[in-house]
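Hello,

Here is the structure I promised to pass on. Please open it next to this note, and I will walk you through what turned up.

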Amino acid sequence: MNMTEIKLKHIHDARTNSRLEDLYRQMRRVRTFEERVGELFVRGQSAGSMLHLSIGEESAAVGVCSAMKEGDSFTTHHRGHGIFLSRGANPNLMMAEIAGKETGYCKGKGGSMHIADMGLGHLGANAIVGGGIPAVVGAGLAAKRGKTGAISVAFFGDGAMQQGILYESMNMAALWDLPVLFVCINNQYGMGTRIDQATKATNLHERAIALGLNGISVDGLNVETVQETAQKLTDDARVGKPGFLAVSCYRFFGHARMDKSPYRSEEEETEGRKRDPVLFARDNIIKEGVSDEVLDIIDQSISDEMDSAIDFAISSSPPPLSSMFRDVYGPNEPEPEPVQTRINRILARE
Amino acid sequence: MVELTYRDALRQALYDAMIEDESIFIIGEEVGRYGGAYGVTKGLIDKFGPERLLDTPISEPAIIGTAIGAAMSGLRPVAELMYVDFIGMTMDQLGNQAAKIRYMFGGQIGVPLVLRTQGGAGRSAGAQHSQSLEAFIMHTPGLRLAMPATVSDAYHLLRQSLTKPDPVVFIEHKSLYSLKEDVDLSIEPLPWGKAAVRRHGSDIVIVTYSRQLQFVMQAAQALSKQNIEATVIDLRTLNPLDFDTIRKEVEKVGKVLVVSEAVLTSGVASELSARISEECFDYLTDPVVRVAGEDCPISVSADLEAGSIPSPKVIEETAKRLVM
């Protein structure tokens, strides 16, 4: 244990952690992780150009994930770091994957948008808007048939609300009474198009109700409200009453790292960023009598944890070129022939 | 020996596999109570119940997506896509999800689903219900592709598909469902991924698959009466592709015809032709010739329909010109 950890342990031993404090700690981990991912990008250490941060949306990830249980499965959209972290992901392996390193969750082949860990029930992040949604119907079907008691949760953004696959999937989940929950993290923007520029029907949960699901919209400012609502919906889903939850929040930054948000005003951003679920929770904890100093120590330990993740990612090796042909097919199947090998074979003739 | 139709053989394969493996279930439009648009799953619901013959709404993308999630959760789904022409509806789930999940996630998990569908001309079904779209699948690494041309293969290739670790697209031909053959299903089949040499001859090699095998065999018999003997290769699976068998036979003969019902441009026949030209260059005495579907949509008119795909006569005449 380092000094910070010893100090933290004393604090923890001295008093009982409140639920809110735990939710705060998880949200802070997401926030700090995302900030570090942003730095990784700025330093040119991330793999590729596609990075979508969930800063401002932490209450949705943490609130819903804290209502899930071990054995539950889930899929996420392209802005899913926070959800994965909230379900217990190892930040080192996440950061390494985002940096495209061999030590990452997917051996550097998936990256930010295709990160997954079957061991944690993460059936995959997805770079196609709505693409990961129907998989939870299949997972729900398997859970129902196997009577496992597990649920499967699809996380997606408001952009996916206008994708047909969502309605096909919700319809099947309702029709077959599946243990499934659909969670829309409504950060107000599908890339640069605001939700009210994408649809007239902005009461998103009403669409799910129309299909026979439980449907609720909740303000994401207060993580406790999100958690309580999600708990009710997951309890229902577990007994075969599928649900839909829309969590309203504000995407603090652009769609991806290169996006300077030309489609919205500075005033709007300033107002939007005031709706900060992390600071809101922090203020409430202080009102409960916890000192700033205690919270600073928590923040610092998280900062240290994420610094280590960055170090791990940067010091890891990229995958070898030969791994390119691995895992196209199952483990005992022949790998595809490399183009160069083929050319050499053809041109080797007399 | 027992006389079976292609349709019966497929049903028998599903039946036998479902008895042996409880994780197998069938999901799709009209697969249960209706028994499948072409009758392949008829009666299976009486034996296995609605839980294993899951009738769905008309939602092709979510049918495949649900099958993917189920396959990732320990089940072995057989998803039915009523017509291969609808594959465009499902191409995200098939091409971006099923085909890439193992790879993108670093080999953590596979998607062992079988997508049964049917394609091809022959029933005046028009431009949106008669196509041969196998090139879409063959062009997507991660997807296996089987296209049975015989009753025996309808059974065995489907059984084999249901043991594979990866997604298999299994394309039946609508004009083969009533094909009858005497088969002994207890005879050990060719291994998965191996082409069948259906006929040996020293004058020309004809490479084909699916229903065109029937046309090619008719052409080969007509050629034989004119003292032209053809080797006929039935590929059976297009991924994996058994190029070794093609190479071996082409090197013996030097003249090759590739026959496919799909439209000519950028089709499976094009890929086969390119490979044969590259890899068997020193053994070829003539250009590799493709006999394929015309580069236009398929009409409802039976005459236009038949005229837009290879016929036994055209195959025979083309082979003759190549040999002469």
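A salt bridge here is a side-chain nitrogen of Lys or Arg within 4 Å of a carboxyl oxygen of Asp or Glu. By that rule, 4 salt bridges span the interface of chain B and chain A. One of them joins the side chains of Arg342(A) and Glu279(B), at 2.4 Å from N to O.

A word on the source: this is a predicted model, where local features need pLDDT of at least 70 and side-chain atom pairs count only at pLDDT 80 or more, while totals for chains, interfaces and linings use all residues. Residues are numbered from 1 along each chain as its sequence is written, chains are lettered from A in the order in which they are written, and side-chain values use heavy atoms, with hydrogens and water left out.

Back to the interface: 48 residues of chain B are in contact (heavy atoms within 4.5 Å) with 42 residues of chain A. The two chains bury about 3600 Å² between them, 58% of it from carbon and sulfur atoms; this is the accessible area (1.4 Å probe) lost on being put together, summed over both. On the chain B side, Tyr103(B), Phe105(B) and Gln108(B) lose the most area to chain A, together 18% of what that side buries.

Within chain B, have a look at helices H1 (residues 6-20) and H7 (residues 151-161), DSSP runs of H or I with at least four residues. Their axes, lines fitted to C-alpha atoms over the stretch in contact, come within 8 Å and cross at roughly 25 degrees. H1(B) and H7(B) are therefore roughly parallel (angles under 35 degrees, on a scale from 0 to 180 between N-to-C directions).

Best wishes

Conventions:
Helix = DSSP H or I, 4+ residues; strand = E, 2+ residues; numbered from the N terminus. Parallel < 35°, antiparallel > 145°, perpendicular 65-115°, else oblique.
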